[in-house]
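Hi,

Here is the structure I promised to pass on. Have a look, and my notes follow below.

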Amino acid sequence: MKKWFYFLFSAIVCYGFIYALNNSFVIKGNAVPAMGNFLNPISGFWSNAEQFIQKPLPNVVSNQLIDEVNVSYDDRMVPHIFAKNILDAYFVQGYIIAQQRLWQMDISTRAASGRLSEVVGEKALNIDKNKRRMGMVYGAENTLKVWEQDKETFKMIEAYTNGVNAFVENLDPKDYPLEFKLLNYAPEKWTPLKSAIFVKAMAETLASGEDDLEATNALKLVGEETFNFLFPQYDDEISPVIPKDVKWNFTNTTQSNNKASNSIPDHIGYIQNNPVDKRVEGTGSNNWAIGPKKTKNGHPILCGDPHLNLTLPSIWFEMQMQTPEFNAYGVALPCFPGIVIGFNENIAWTQTNVGQDVSDWYTIKWKDQKKEQYLLDGEYKNVSNKVETYNVKGVGVVFDTVKYTKWGPVVYQDTSAWHDMALHWLAHDQPLRNDLKVFYLLNKAKNFDEYSEALKYYFCPAQNFAFACKNGDIAIRVNGVFPIKSKDQGRFVQDGSVSSSDWKGYIPFEQNPYVLNPTRGYVSSANQHSTAPTYPYYYNSETFDSYRSKKINSILDTIQNVTMEDMQKLQSYSKSLKTEKSLPQLLNLLDTNSLSTIQNKFYQQLKSWDCNYLKEELSPVLFEKWWKNVYKNTWDEFLKNGKTEVMLNPTEWRTIQLLKENPNNPFFDDKSTSEKVETAKDIVTASFKTMVDSVNTLLVTNPNYKWKNMLNSKINHLTKKESFSRSNFETDGVGAAINSQKSGHGPSWRMVVELGDTVKAWVVYPGGQSGNPGSVNYDDFVQKWAAGTQYEALFMKNPSEKTRILFTQSFKKS
């Protein structure tokens with residue numbers, strides 16, 4: 001009997017162990033994969049390890065091809081596609097990107113559409129709900145409707161989709177990307193809607209920024225007069241994207257210049273949360289194009305380095321595409337056809353984010369607690385209810401109802417019957433233009449007119465498209481769809497009970513700001529104001545950059561005989577104009593007579609510092625900690641307001657301006673002390689001494705502590721798993737420098753193109769072509785990127801070229 005007991009006990013334990021290995025679980029909201037499958041030596045994660053030498057990829061046969069396509073892979077695993085028609089080119093592009101980045105494609109669109117909890121469990125449910133409430137899929141469905149109206153261009157997204165699915169349908173489970181095995185789920189069929197969702201994800205990253213809720217709270221806190229004093233919309237030293245000397249040959253005929261009311265609706269108290277992620281001040285992108293008169297070889301040079309959150313896999317996939325229509329090289333987004341940033345045999349183009357506010361909040365006055373009707377123009381209107389279904393792993397089906405109004409979805413919800421807000425976001429709207437056409441037309445454009453024609457179809461997120469052409473033309477367009485607003489409209493929460501609060505239409509494409517061949521000999525942008533205040537239309541943002549653009553322009557104003565090497569160095573320029581402006585003010589205000597020996601040592605070190613953020617220096621640490629203390633101690637009325645954490649704080653440029661021009665301003669008084677009224681001198685001195693104590697503590701722990709330690713450069717994998725992330729590199733730079741660096745944020749792609757008789761380009765991005773953490777091509781560009789150097793791009797003319805080619809892959813019609 002005893003033996004049978006042990007046998008039965010062992011059998012139960014064995015069965016339980018086998019069951020546990022072959023089934024996934026959710027423990028405290030965290031999904032645990034089926035470890036048996038994951039550890040399987042044949043089909044588990046071991047099969048994702050790749051050899052050090054890249055093996056040729058298998059040839060492909062498909063009945064969806066029109067003709068044969070050849071692909072050459074160079075020594076950096078960059079594919080060069082040679083197709084005899086555009087649809088085959090897009091089919092192969094979709095196949096190749098899925099071949100290298102399938103899980104990235106899946107998780108990016110899954111996150112944007114509110115479906116993370118299906119694979120990671122309940123911990124992602126609130127994130128998913130927020131995405132659905134923001135109307136991400138709603139906006140994507142509206143975009144898809146417009147794409148479907150043009151049958152010819154829709155064939156392009158269908159070809160791309162078919163290419164992705166051709167790879168997915170022939171994928172054996174043992175060859176699933178590692179993350180699918182880790183999370184224990186399978187790839188889905190790709191659809192054009194998923195590509196539209198990815199477009200909305202980019203819009204969320206680049207065009208959902210607003211400070212309406214924060215500004216409304218700040219206005220309520222300090223009143224209109226003080227608000228206007230602390231939050232001017234233009235810096236007097238502005239250096240806009242479109243030079244100040246550009247004249248406008250049109251007027252605003254919409255009567256939108258009537259100032260919008262700053263009054264906060266009576267039923268609005270202090271707003272307690274913002275469902276939309278906020279953009280971090282001091283980060284951004286750069287681009288510029290230099291005309292032939294300023295370059296050594298007499299050819300225009302275009303430079304671009306869009307700055308984004310850095311991830312592994314990278315947001316970009318480098319490739320070349322050649323068809324009878326075009327021969328284009330650059331980077332693609334992993335879910336969308338075409339080359340997004342790059343060049344062809346005639347032109348080059350690159351983007352930075354415009355950053356204008358196209359996302360506005362409206363108060364909703366409900367009829368009653370049921371929240372099924374809201375007041376609009378004196379009548380109660382019915383909401384449209386959309387029931388959202390979430391298949392939560394380990395939990396089951398969860399339902400949530402999103403209410404849609406004239407303005408958009410009700411995103412901000414409160415327990416009060418009177419305190420909800422709807423979001424009108426441009427990306428929700430049905431596009432006025434078919435943006436599927438943009439990059440197809442841009443990839444084959446040969447001159448300024450064709451570049452401009454391509455950009456007519458661009459919708460959102462708005463971008464500053466810098467341009468250079470082999471014929472010597474340079475240009476930049478502030479491009480996208482922009483709402484027509486009254487002055488100050490959209491700066492604060494608006495009254496959603498009257499339709500007069502709505503936008504007044506959209507600015508015509510021809511009246512979007514642009515400049516062609518300016519007299520200064522270059523164009524540039526760095527997320528600053530689009531124009532000087534003379535532009536006939538009002539636009540707003542609290543996060544326009546104030547420093548990188550001025551530094552870029554001051555350098556480009558003075559240099560001549562420019563080379564590609566000069567421009568690569570400029571992209572890695574790590575001196576901060578913000579620091580050059582603020583450090584002299586701080587040093588001037590510091591009470592040096594009160595300093596101890598060690599404090600004086602740090603003072604002397606900062607006094608001789610050139611404001612260059614080099615990784616091996618201590619001075620950047622001293623300044624950044626000092627500046628942070630000064631800012632925090634100056635604006636304690638906002639940062640410690642006791643009402644809400646949703647608060648608009650004065651900008652850094654306004655703070656520096658006050659330090660210089662108004663050091664006795666009452667805001668420099670520390671309200672926590674009653675003994676005296678502090679001035680800027682007191683705040684600066686106390687902040688310096690606190691900084692010294694803090695740095696001394698760091699140096700005791702680590703005597704070699706330098707800027708690289710504080711910057712903490714890192715590139716996270718999309719799962720945030722440490723073993724898949726990378727921090728084994730160091731960089732110079734800081735957020736306010738041209739080399740804009742923050743931990744996890746920086747230049748996502750660097751490109752320098754010279755448009756001579758033979759087009760030449762140097763490029764790099766912080767990642768690798770493969771999305772597989774087990775591949776040598778997963779992160780092989782990171783060290784070169786961190787060092788500020790670049791690769792020479794292989795811009796092929798025909799598939800017979802063999803230089804730097806590792807192998808070829810053929811795609812044939814079955």
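A cavity here is a set of points, on a 1 Å grid over the protein atoms alone, where a 1.4 Å probe fits but cannot get out. Grid points are joined across faces, edges and corners, and a volume is the space filled by probe spheres set on the points. Searching the whole structure this way gives 8 cavities of 30 Å³ or more.

Please keep in mind that this is a predicted model, where local features need pLDDT of at least 70, side-chain atom pairs count only at pLDDT 80 or more, and totals for chains, interfaces and linings use all residues. Residues are numbered from 1 along each chain as its sequence is written, and side-chain values use heavy atoms, with hydrogens and water left out.

The largest cavity holds about 350 Å³ of space. Its lining (residues with an atom within 4 Å of a point) has 23 residues, and Met202, Leu333, Val340, Tyr458 and Pro461 are the closest to the centre.

S28 (residues 750-755) and S29 (residues 759-764) pair antiparallel over 6 bridges; pairing takes at least two bridges found by DSSP. Glu754 sits opposite Lys760 of S29. S29 is also joined to S30 (residues 791-792), running antiparallel, by 2 bridges, with Trp762 partnered by Glu792.

Best wishes

Terms used: 1 Å grid on protein atoms, 1.4 Å probe; cavity = no way out; pocket = protein on both sides within 12 Å on 5 of 7 lines; lining within 4 Å. Helix = DSSP H or I, 4+ residues; strand = E, 2+ residues; numbered from the N terminus.
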